[in-house]
Amino acid sequence: MSTLWSGRFDAAPDAATLEWGSSFGFDRRLFEDDVTGSLAWARALARAGVLSDGEAAAIAAALTRVLEHGRSDPSSVTGPDEDVHSFVERLLVQELGDAGKRLHTGRSRNEQVSVDLRLYLRRRIPILQGGVARVVGALARQARSAGDALMPSFTHFRPAQPVLVAHFLMAHAAPLRRDHQRLAAARGEADALPLGSGAIAGTSYAVDVEALARDLGFSRIVPNSIDASSDRDFALSFLYACALTMVHLSRLAEDFIIFCGDEHRFFELSDALSTGSSMMPQKKNPDPLELVRGKTGRAIGHLMAMLTTIKGLPTGYNKDLQEDKQAVFDAEDTLIGCLTVVESVVNGVSLNRARAEAAASGLLLATDVADYLVGRGVPFRTAHEIVGAIVRKLVAEQREFGSLTPAEWHAASDRFGDDIVGRVTPRMSVGAKRTPQSTAPEAVGAQLAELEQWLERC
Ligand code: ARG
C-alpha cells in the first residue's frame, strides 16, 4: 500500500507499525464529511483558478460517485489506507487518474481532519439533542400524569419535606435542558472553517475562504492557522457536554434505582425494562439503569483522556490528536444508547401513589410546624427550638405530629391554637410554598406548562 507521503522515503514503512498507527478503522465514520469537504475544496480551487472548471467538474463527479458507492455499500469503505482522507483520495485517483491528483493542492490532512470532525459534529449533535429532548418529554409526560401526587424530598438522603412527584420528575428535566443547551454551544464552537490553514502556515493559493465557508455552511473562519492545526477545543466542549449529560442520566438512574427499590417503592419499573436473577427467583433488578450509571465512567474518561492528550502538545499539529476521534465517537455512542434506554425506562415506570404519599408525611412536616409559629409572631430561631423539642419527644415515643393532643401542643408553646392539627398536613405543606421554583401546585403547574412549551419548540 502506498501512502500519501511515500516519495520522501528510501524504504517502505514498517507494515505492522503503519497499521497500528492507521486511523481508518475508526475515522471511516468521517467518510461522508471528508467527501463533503473535498467537494467544496474542489469548487474553491476552481474559483481560485487552480483547477479549470472542467477539472473541478470531473473531480466533483468522481467524488460524488465515490460518495454514492460508499453510502449504498458502507462495507466498501475499507482498505489498507492510513486514514479516511487517504482512502477518499485513492478512490478519486482510481476513478479519474491524474486529474484526481490535483485535488490536494494547497491543502493538508491537518486541516482536513479538523474540517471533517467539525462537519461530523454539526450533523450528529442535533441527533443527541433530540435524544435529550425525548428524555425530557418522557419526564414531562410522567409529571403531567402524576397530577397532585406527593412524595418526600431528601437532603443528605434523609426525608426532608413533602414535594409534588411532578416537581421531583422535573428536577431531572432541568439539568437535561442545560445539557441540550451545552450541546448546542459545542456545535457552535465547531462552526468555524479551518480550511485555508494548510499544514500550519496557511495556503499559497488565493482561496476565497469566506465563499468556501458559505459553501460548507460555516458561519465563520478560524482566526489563526497555527492554532487551527491543533485546536480541538470544540471536541473537548463536546466531550464535556456528553460527560455532563451522562452524569445527569446517572443521577436520574440512581434515583429510580432507589425509589423503585423495595425500601421505597414510590415507583415501579416496567417488567420489560428489568432483569431477573439466575439464582434468586424473587429478584427484579434495574440492570438498564445500573448500566447507564456504569457507562458514565466511560464518558468522563474520554473527557479526561482528551484533556490529558492535549495538555503537553507543542504548538501545531501532532499525531497525538488522532486520539480525538475514538473519544468523540465512543462518547457519542455511549450517550445516544443511554438516552434511548433512559427514555424507555422513564416512559415505563408507574407511580405507586399511596406508597409515595404515605412516605411524604410524619416528621417531614416539622418545618411547617415551625412556620406556623412564625405566623403567630414567634422568631424563627425560637420556633425551630420549640419544634425540635417536640420532635425529640415524638421520636422517643415513636409518634408523629398527628397524634399530639391539643394539650400537648399547648404545653410545647402557648402560641399553638386548635387549628394546628388541620394546618400540618403534606398537602398544606406544599400548598404553602410561595416562590415560582417551589413545589407549590400552582408553581409546578406553571413549570410544567413552560417545559411543555419548550418541548414543542425543540
Ligand atoms: N489521521 C490523522 C488524524 O486523525 C489525520 C491527520 C494526519 N496528518 C498528518 N500530518 N499525519 O489526526
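Which side chain does the side chain of Arg90 join in a polar contact of 2.6 Å? I began with this question and found that the partner is Asp81. I took a polar contact to be a pair of N or O atoms within 3.5 Å; within protein, one must be able to donate a hydrogen and the other to accept it, and residues adjacent in sequence count only if both atoms are side-chain atoms.

**Basis of the entries**

I note that this is a predicted model, in which local features need pLDDT of at least 70 and side-chain atom pairs count only at pLDDT 80 or more, while totals for chains, interfaces and linings use all residues. Residues are numbered from 1 along each chain as its sequence is written, and side-chain values use heavy atoms, with hydrogens and water left out.

**Entry on Arg90**

I placed Arg90 in helix 5, residues 84-96. Helices (H or I, at least four residues) and strands (E, at least two) are DSSP runs, numbered from the N terminus. Arg90 has a relative accessible area of 24% and is partly exposed; buried means under 20%, exposed over 50%, and partly exposed in between, with a 1.4 Å probe and protein chains only. I also looked up Lys101, eleven residues from Arg90 along the chain, and found 9.0 Å between the two C-alpha atoms.

**Entry on the ligand**

I then looked up individual distances. An N or O atom in the side chain of Lys325 is 2.5 Å from an oxygen atom of the ligand, and a polar side-chain atom of Tyr317 lies 2.6 Å from a ligand oxygen atom. For Ser23, the distance from a side-chain N or O atom to a nitrogen atom of the ligand is 3.1 Å. On its own the ligand has 340 Å² of accessible area, of which the protein covers 87%; such areas come from the Shrake-Rupley method with a 1.4 Å probe.

**Entry on Asn110**

Is Asn110 buried or exposed? I found Asn110, a residue of helix 6, to be buried, because its relative accessibility is 16%. The Asn110 side chain reaches the backbone oxygen of Ala199 at 3.1 Å. Leaving aside residues up to four places away in sequence, Asn110 touches Ala199 and Tyr317, where contact means heavy atoms within 4.5 Å.

**Entry on the hairpin**

I traced strand 1 (residues 150-155) and strand 2 (residues 158-164), which run antiparallel and are joined by five bridges; strands pair if DSSP finds at least two bridges between them. Leu150 has Leu164 as its bridge partner in strand 2. The two strands form a hairpin with two residues between them, and His156 in the turn has a positive phi of about 55°.

**Entry on positive phi**

Most residues other than glycine have a negative phi. I noted Arg265, not a glycine, with a positive phi of about 50°. Arg265 is in the loop between helix 10 (233-259) and strand 3 (267-268), and is partly exposed at 33% relative accessible area. I also noted Gln398, with a positive phi near 55°, in the loop between helix 15 (380-396) and helix 16 (406-412). Gln398 is exposed, at 75%.
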